[in-house]
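Dear colleague,

I am passing a structure on to you, together with some notes on what turned up when its geometry was worked through. Please read them with the coordinates open.

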Amino acid sequence: MSILIYTENWEGKFKKLSFELASYASELAKQAGKEAVAVSLGKVEDAELQKLGQYGISKILVADDERFSNMDNKAITKALAAAAKKVSADTVVLAHNNLGKAIAPRLAARQSAGLVSAVVGLPLSTDPFTVKKMVFTGKAIAHLTIKTDKKVLTLAYNSFGLVENATKVSMEPFDTGLTDADFELQVLETNKVKGKVLLNEADIVVSGGRGMKSPDNWHLIESLAEELGAGTACSRPVSDEGWRPHSEHVGQTGKIIAPNLYFAFGISGAIQHLGGVSSSKVIVAVNKDHEAPIFEAADYGIVGDALKVLPELIEAVKEARS
Amino acid sequence: MKILVLIGNVPDTTTKIKFNADKTAFDDAGVQWIINPWDELALTRAIELKEAHAAAIETIVVANVGLALTEPTLRKALAVGADKAIRVDAKPVDAFFVASQLAQVAKDFDLILAGIEASDYNGSAVGGMLAELLDINSVSAVSGIEIDSENLRINREIDGGSQKLVCKTPMIAIVQKGIAKEPRIPAMRGIMMARSKPLEVVAATDTEALTSFDVFELPPAKAACKMVDEDNVKELVRLLKEEAKAL
């Protein structure tokens with residue numbers, strides 16, 4: 001028996017979330033006396049695959065097949081089901097990112113496996129198999145039990161962390177058995193934003209709300225983000241006004257993020273906004289109104305004008321880092 | 001082309017979340033129910049498509065798995081422009097149960113729209129499961145849909161960017177923010193018309209849920225916010241570095 005993870009690659013490279021998945025699977029496998037196996041679809045160099053061994057993966061099924069780069073949900077699901085069968089995996093874990101969220105429910109339905117998405121932490125018990133996840137967009141935590149022998153999980157980003165556990169890895173070529181007819185999706189164009197830290201996986205996020213007054217002031221948010229190697233985000237009114245793209249909106253109807261450090265500049269902290277950011281480890285709020293609800297969620301706060309505080313903060317960070 | 005929009009019935013997003021005495025279920029006393037925000041955007045886009053391609057789109061049907069209390073939510077969907085509603089009469093126990101129920105009523109559609117998440121249990125699962133049960137294509141994180149003869153032109157968000165694709169029908173588009181600008185607000189005429197639109201109630205099939213909610217808890221209370229003077233920004237950086245160890 002084994003625990004299988006799907007390690008997506010980005011132009012042949014893994015990310016922190018891949019290693020977090022590996023760490024998680026290897027702990028799960030240890031708990032249950034099983035093997036931690038990864039499946040990789042697409043072209044990834046051996047040296048990159050080897051890195052998964054640092055986090056406890058002992059076997060990798062490698063399907064070096066370029067056709068998977070079009071991210072066809074149906075095709076990837078078939079391939080993962082074949083991989084799970086090959087290594088007798090009773091539990092498959094995916095990242096709770098765009099692709100993981102798309103594939104996990106298909107795979108669960110295909111195998112009649114119980115699914116829990118955006119799991120935080122290791123199971124509370126393995127028999128019955130009970131895990132925790134956030135519900136009502138961060139406003140509560142639920143304990144769920146999966147009743148089936150086969151299980152599919154997605155792991156909430158930054159909820160487990162990295163655990164080094166150097167392990168010897170064996171690599172096995174894996175034929176998914178898929179034919180060209182299985183790849184139906186036709187990708188016309190891919191647009192990548194270059195040089196930006198991805199919001200879902202940023203360790204630090206700098207975010208602005210209506211208190212930033214105008215989109216013309218966003219260079220301040222961007223400068224601080226650049227200084228910190230952070231991602232940038234915004235509140236709902238800001239994306240609704242078109243000051244910033246929808247992809248930056250964090251909150252109940254936007255993205256739900258969990259960075260180590262979240263800065264909220266000129267964001268009052270409506271309950272819908274807090275839902276999207278409350279899993280952040282440390283929250284810093286800067287707002288003119290000392291009664292703004294953001295201060296109830298924040299760990300550190302400054303009552304003041306974001307436009308005045310930001311330039312000083314950029315300088316202070318530069319100084320502290322030099 | 002026939003469009004089906006999956007509709008979740010969820011507590012209003014400003015609802016204070018509370019649970020029953022033994023913390024095993026959400027306490028819905030006094031709750032205002034709404035269309036799940038992402039499903040509402042999906043419905044809005046379906047209506048926009050029908051307005052733009054009146055000849056190509058035959059009907060927009062909305063479907064929900066729920067008890068009678070969800071009917072006002074379905075009536076609202078009819079009031080903003082859906083042609084027909086279907087309610088599968090069952091308590092939605094888990095995503096697999098819901099997807100299995102929907103599979104009964106979703107067979108004859110060319111395009112099925114589902115929201116990427118529900119704001120109650122945040123499962124992100126029903127749309128994908130339904131696609132697998134129906135053995136059709138699914139595209140997730142969709143932020144744009146255009147109709148182009150028999151195919152659909154789709155924009156989806158990927159990590160760090162976006163893609164334009166072509167997908168054959170039938171398919172399920174799992175949509176996120178950006179798919180439509182503002183949800184429609186029902187006008188008086190729409191509300192009047194909704195009363196005479198069909199709302200079909202379908203009996204549930206025998207399906208077992210694969211997961212169960214055992215207990216709920218509220219997140220631990222946060223310690224009081226440590227305030228720093230606005231003229232002492234350096235102190236904030238020191239605290240973040242030395243105390244929070246976050247820089």
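What percentage of the 247 residues in chain B is made up of buried residues? Buried residues, meaning those under 20% relative accessible area, as against exposed ones over 50% and partly exposed ones in between (1.4 Å probe, protein chains only), make up 53% of that chain.

Before the details, please note that this is a predicted model, in which local features need pLDDT of at least 70 and side-chain atom pairs count only at pLDDT 80 or more, while totals for chains, interfaces and linings use all residues. Residues are numbered from 1 along each chain as its sequence is written, chains are lettered from A and ligands numbered from 1 in the order in which they are written, and side-chain values use heavy atoms, with hydrogens and water left out.

To stay with chain B for a moment, it has 6 helices and 13 strands, where helices (H or I, at least four residues) and strands (E, at least two) are DSSP runs numbered from the N terminus. Its C-alpha atoms fill a box of roughly 65 × 45 × 40 Å along the principal axes. Of the contacts in chain B with a separation of 6 or more, 72% come from residues 24 or more positions apart, a contact being heavy atoms within 4.5 Å.

Two helix pairs deserve a look, one between the chains and one within chain A. In the pair between the chains, helix α9 (residues 306-321) of chain A packs against helix α6 (residues 233-243) of chain B at an angle of about 50°, with 9 Å between the axes; axes here are lines fitted to C-alpha atoms, for helices over the stretch in contact, and angles run from 0 to 180 degrees between N-to-C directions. That angle makes α9(A) oblique to α6(B), given that angles under 35 degrees count as roughly parallel, over 145 as roughly antiparallel, 65 to 115 as roughly perpendicular and the rest as oblique. The residues making the contact include A:Val309, A:Leu313 and A:Ala316 of α9(A), and B:Val233, B:Leu236 and B:Val237 of α6(B). By class, this contact has 8 nonpolar, no polar and 4 charged residues, with Ala, Val, Leu, Ile, Met, Phe, Trp, Tyr, Cys and Pro counted as nonpolar, Asp, Glu, Lys and Arg as charged, and the others, Gly among them, as polar.

Within chain A, helix α3 (residues 73-86) and helix α4 (residues 98-111) pack at an angle of about 55°, their axes 9 Å apart, and are therefore oblique to each other. Among the residues in contact are A:Ile76, A:Leu80 and A:Ala84 of α3(A), together with A:Leu99, A:Ile103 and A:Leu107 of α4(A). The residues of this contact divide into 8 nonpolar, 3 polar and 4 charged.

A polar atom of the A:Ser117 side chain lies 2.7 Å from the backbone oxygen of B:Gly123. Leaving out residues up to four places away in sequence, A:Ser117 touches A:His96, A:Lys133, A:Thr154, B:Asn122 and B:Gly123.

Some backbone features are also worth checking. Most residues other than glycine have a negative phi, and most peptide bonds are trans. In chain B, the peptide bond from B:Thr169 to B:Pro170 is cis, with omega near 0°, and B:Pro170 is found in the loop between β9 (161-168) and β10 (171-175).

As for phi, B:Ser124 has a positive value of about 50° although it is not a glycine; B:Ser124 is found in the loop between β6 (111-115) and α4 (126-134) of chain B, and is buried, with a relative accessible area of 13%. B:Asp135, in the loop between α4 and β7 (137-148) of chain B, has a positive phi near 55° and is partly exposed, with a relative accessible area of 47%.

Notes
Polar contact = N/O pair within 3.5 Å; in protein donor to acceptor, adjacent residues only side chain to side chain.
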